[in-house]
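Here's a quick briefing to read alongside the model. Take a look at the fold first, then work through the notes below.

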Amino acid sequence: MASNMKRIFSLPERAHGDGPIKYAWQRTHGNYIATTGSDGTVKIYDRHGDLKGNVTLPGRCTGLGWDQDGDTLAIVCDNSNGIFLWDTNSQRFNQIDSGLKDTMTFLLWSKSGSKLAVGTQKGNLLIYDHKTSRKIPIIGKHTKRITCGAWSAENLLALGSDDKTISISNVDGDTLRQTQLRAEPSDVEFSEMKGDERSSIGENTVSVNIGKKTLFLFNINDPDNPIELAFQQRYGYIVAYKWFGDGYILIGFSQGYFVVISTHMKEIGQECFQARNHKNNLTSIAISSALGKAASCGDNSIKIHDLSDLKEMYAIITLEEERALDSISWSDDGQLLAVTSPRGSMHVYLARLPMLASACQTRIAYLTSLLELTIEDNIAQIGGLHYFYIEDWNFVVEHRHMAGIRKVFPDATGAHLVFIDEKSDGYVYNSADDTVINIPDFSPTVHGVVWENWPLDKGVFVAYDAEKMYTYVYCQTSVHGRQESIDMYSGAPSYRYGGQDWSNDDASGHGSSRVMFVGASKLPFGQVPVLLYNGEITLQTPGGKLTNLLLATHTHVFNENPTELGPNDLKTAIQQCVGLKRFKDAWIYCSILKQVDMWKEVGKAALQSMELDFAIRVYREVGDVGMVSSLQQIKNTEDKNQLCGYIAMFLGEFNLAQDLFLASQYPLAALEMRRDLLHWDSALQLAKALAPEQIPYISREYAQQLEFTGDYMSALSHYEKGVTQQENQRDHDEVCAAGIARMSIRVGDIRRGVSMASKMPSKILKKECAAILESMKQWAEAAQLYEQGQYYDKAASVYIRGKNWGKVGELLNKITSPKIHAQYAKAKEADGRYKEAADAYKMAKEWDNVIRINLDHLQNPEEAVTIVRQTQSVEGAKMVARFFQKLNDYGSAIQFLVMSHCNDEAFQLAQQHRQMEIYADIIGSDATPEDYQSIAVYFDAENNHFLAGKFFLLGGQYSKAMKHFLKCNPEDGQAIELAIETVGRANDDLLTKQLVDFLMGDVDGTPKDAKYLFRLYMALKKYGEAARTAIIIAREEQNAGNYRNAHDVLFSMYQELKQNKIKIPAEMVTNLMILHSYILVKIHVKRGDHLKGARMLIRVANNISKFPSHIVPILTSTVIECHRAGLKNSSFSYAAMLMRPEYRNEIDLKYKRKIEMIVRKPDKTEEEEPLTPCPVCGFQIPETELLCPDCKNNLPYCIITGRHILREDFCVCPSCDFPAVFSEFLKMLEVEETCPMCSERVIKENIQKIQDPHKYIYPESSLVKEGEGQDVQPE
Ligand SMILES: [Zn+2]
Ligand SMILES: [Zn+2]
């Protein structure tokens, strides 16, 4: 435990000769200490150890003491009956005669008054009054040497003597008591011992150390019942004791013990505290009630306890240069502690830091004596001491304040200081510009101020009173400026802004300094702020210690690890940083917290402090682009008032901004601001003073705002003020004039308003005014203005409201609104003007009304019918139907009833008037089954089997439908077709069997055309049966020699199968190919293309069994055509075939001879058939070859040539989609018009060359119903 007590000075060993020295502190002040010793001198030192007085006595000093006020030091000694007195004020010695004849051994000044008691070797007493110089000698007070004594506060004098008695005398020396003791007394004290009742009864107790063994206490009013306290042997003898506090006694024992006992009656003598302060011995104890401390000395150390908590060792001073100590004593104020050694040295310590202290930067200056300042650096811990004398201080700056200045507290640089005047108001004075700023919320009880010394936190200071510390920030620059500026001369504070008196150009407080109250912190009781460094306040305790405390305004500003803070702590940190203007720190916390509102708070505070760059960073961070750009625009504004004006404006403090702008070099900014804010009233006032030329424009805008808010009277007046009548302001004036027109109408001057609106070219104005008039139910004027503005619909509608039909009629062609036309039409109809009404209804597109009027009034059913047909109007159709019904035109009536969905009515009409065929014809496919049912029943009754069957079929009654169809004429193909459809839809085996039996002829013995059977199978989706039927049909035709029929039957069924995506049976494909080749022969031969004809005939001849009726003629043609085409070998081969006996006689006589010639003289010359590429694999194969020998594919054939198709020269018939060689198809169309396959007309332009014939080369790839086709096997 280090001592913070500073040794101030020392007297060396033997300063007063051999042995220990006696000493005494000047009472009360403690400015001097008097010392004496065996050398017979008395020396008086001041607090710094400077010798202030010195006297050599005739003998050894036997007593010395200061009077109560510290004015006089009295000394007595051996070998002299004089009393030596040193006067503090004159610092001189003088001497009086005691009148006593024996050696003086004791002296003691009274506690009140100026009485000095002096005792002698023989027990005599002198009471000397220093004030009156009166001496009262009392001879024989005791019988032996007087050794000790005490004055009470009531001026009773207790004396102890070697005669083992204690006497109590009054101030005149009269003995009041005398008490016998068991041993020699020492250390007599008056005190107050507490009885049961703690009433104050004065110093009633005398305590005495008896023989250094016991403590003897007796009540002066009851001396016969004393209390004698004995202590443990091991403590050793009683060295000394001291009363303190509320009846406690501290006792020092020779063995080093330090004991506190109580004198309260209940616990008398009990040890409250005991410590062995010193190992070997204890030589002295001391108590300072001013300091609240108790000390003991012994060995070579001093131990100091806190009286409020004795267990706490306050300090230990070890004196390394001493082996033992003799005596310790505090000055009355507790500031100084003196200690002496047995060898005659003395050391004086500063025990208590004086309560007068001040800090400068981090250095604390404090008074170490009344004349000396000690300055130490409390932060740097340099520990260097600097002294300077108060007398050297000079005033550097002089400031005259209207009230007396009571206290001054400069900051570290001295540039600013806080002063408190006699009214207890606080101010900051800036010496640089000689300004004084009032400190807001300044407590009148403030008795001191400390400035922040942390270099980065300029302008913070703390004012304090007994209970609290108030943190303030002094801002060098602030938009707001000072709260209150002081008029130095009148002394009256004046508030400058916020008022309307902006013509006063004094807004100089803005953009300058300001003091802001940040917050208050509690000040621990009795402590005094000394130093402020980074929010940490150093306090001086009543005991003189320094202790540190973090201000409540700074609790969160510094954090080692801000990322670990919770959101609330971060918010507090940001708010504290903002309060203290620590914007960089605020930034860090905001970056962590990431809350826009906190960012904005920081930005706003930065603006208020005019930290523009920082504010820009903040607003950029939160993405407030508008604010960033605004701030960048103004940041280089040089005029400070103007700059502050803009900032105030951004902060929304417009009155302040206006004052600032007006005080700036650019006062028009105030006007601009008001205009931007739409504060027209203010803007107008400003314009009057600053820019009268702007008044018309502001008036206009003000008027527009007033108009918007409905203050038409004022708006009118401002529009009128807006008129400039300047040619170059025409647009502006027109706006004003329009406003005047509108406002005139609004305020009731309709004539003026309408007249103006009429004269002015603006259509919009006319419309606006018309609308206003309309809202005022002024129909005529409103319509007139609408019409003038070419708002014809509006005009017409207002005319209608005014019942001015004539006007409406005039406008009719210009009106687009159907609603208005309809209104007009109704009006006209009511007037019986049907033609006009019909026209107007037509314009309104109200067709039913048009129809109605045409039928009912205009006798124009044609028009009505036309409109019904065009518009498909249901209501209209009904009206027309009724009309025709009246005329007995039931067919038309039925038609329109169906059109109006009145099927029942139509049916009944048809039934009544036998018009059912018409109804049946009209009803179409979207009627209900019930409708069909009714019709079917009707025809059933009429024995019209076909129509009965048809409507039973439509109504889904399939067996009834079939019954009727089978009753139809068997030749009626239409009935059979519908019967097939019935079976297809019904999917009913019984019905199917009925129809098949009918078709097969089982019913009437006449088989029906096979194509019906094919259709039936198709309708039943029995595609295999259908295909087989097709082949059978074709074969019958072929056998009968009807090759063209056979071809067409195969083709049409082929197409049907293809449409249903059914795989075509190979036999059907082959048969069609062969029949088609036969058809082609005729075409080629007719065109004289004998080679192509011959090739086709060769193909037919090779399948001659399929043409049983025409074997010989076909072979004959083959021989002849081959011969003609030069295919001599082929000609010979087929000629040879004809020579067979079964054919020979059937040869046409015309050709018989020729054929016999060919056989008889064989000519086998024949050119090879030309080769063309296979469309699948490209292998060169003969033109008419349809089976590729290389890829083994059956190749599609050209429907024109009969050859295999060519990939590079490909097309299809646009009607039947069969493939062909493109160039050959074109060539054929030069002479023929129809496709040889489908017989449909083909237009040349419809044929297109196909680049990718893939799907025609592989037709199977597009067929899906494989399974359906596979049951067809070639026979
Ligand atoms: Zn091939
Ligand atoms: Zn075709």
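UniProt puts the feature "domain: IF140/IFT172/WDR19 TPR" (unreviewed entry) at residues 586-968; UniProt positions are in the numbering used here, feature names are shortened, and annotations may be inferred rather than shown by experiment. Keep in mind that this is a predicted model, where local features need pLDDT of at least 70, side-chain atom pairs count only at pLDDT 80 or more, and totals for chains, interfaces and linings use all residues. Residues are numbered from 1 along each chain as its sequence is written, chains are lettered from A and ligands numbered from 1 in the order in which they are written, and side-chain values use heavy atoms, with hydrogens and water left out.

**The annotated domain**
- Residues 586-968 come out as 77% helix and 0% strand, with helices (H or I, at least four residues) and strands (E, at least two) taken as DSSP runs numbered from the N terminus.
- The end C-alpha atoms of that stretch sit 105 Å apart.

**Zinc ion (ligand 1)**
- Its protein donors (N, O and S atoms within 2.8 Å of the metal, or 3.2 Å for Na, K and Ca; water is not among the atoms, so sites may look incomplete) are the SG atoms of Cys1174, Cys1177, Cys1188 and Cys1191, at 2.1 to 2.4 Å.
- Along the sequence, the donor residues are spaced C-x2-C-x10-C-x2-C.
- Cys1177, in the loop between β49 and β50, and Cys1188, in the loop between β50 and β51, are eleven residues apart and link distant parts of the chain.
- Cys1177 is partly exposed at 35% relative accessible area, while Cys1188 is buried at 0% (buried is under 20%, exposed over 50%, partly exposed in between; 1.4 Å probe, protein chains only).

- Cys1213 and Cys1235 lie 22 residues apart, linking distant parts of the chain.
- Cys1213 is buried at 1% relative accessibility, and Cys1235 is buried at 1% as well.

**A four-stranded sheet**
- β18-β19-β20-β21 is the strand order of an open sheet with antiparallel pairing; strands pair if DSSP finds at least two bridges between them.
- β18 (185-191) and β21 (222-230) are the edge strands, each with a single partner, so one side of each has no neighbour in the sheet.
- Six bridges join β19 to β20, and Ser207 has Leu217 in β20 as its bridge partner.
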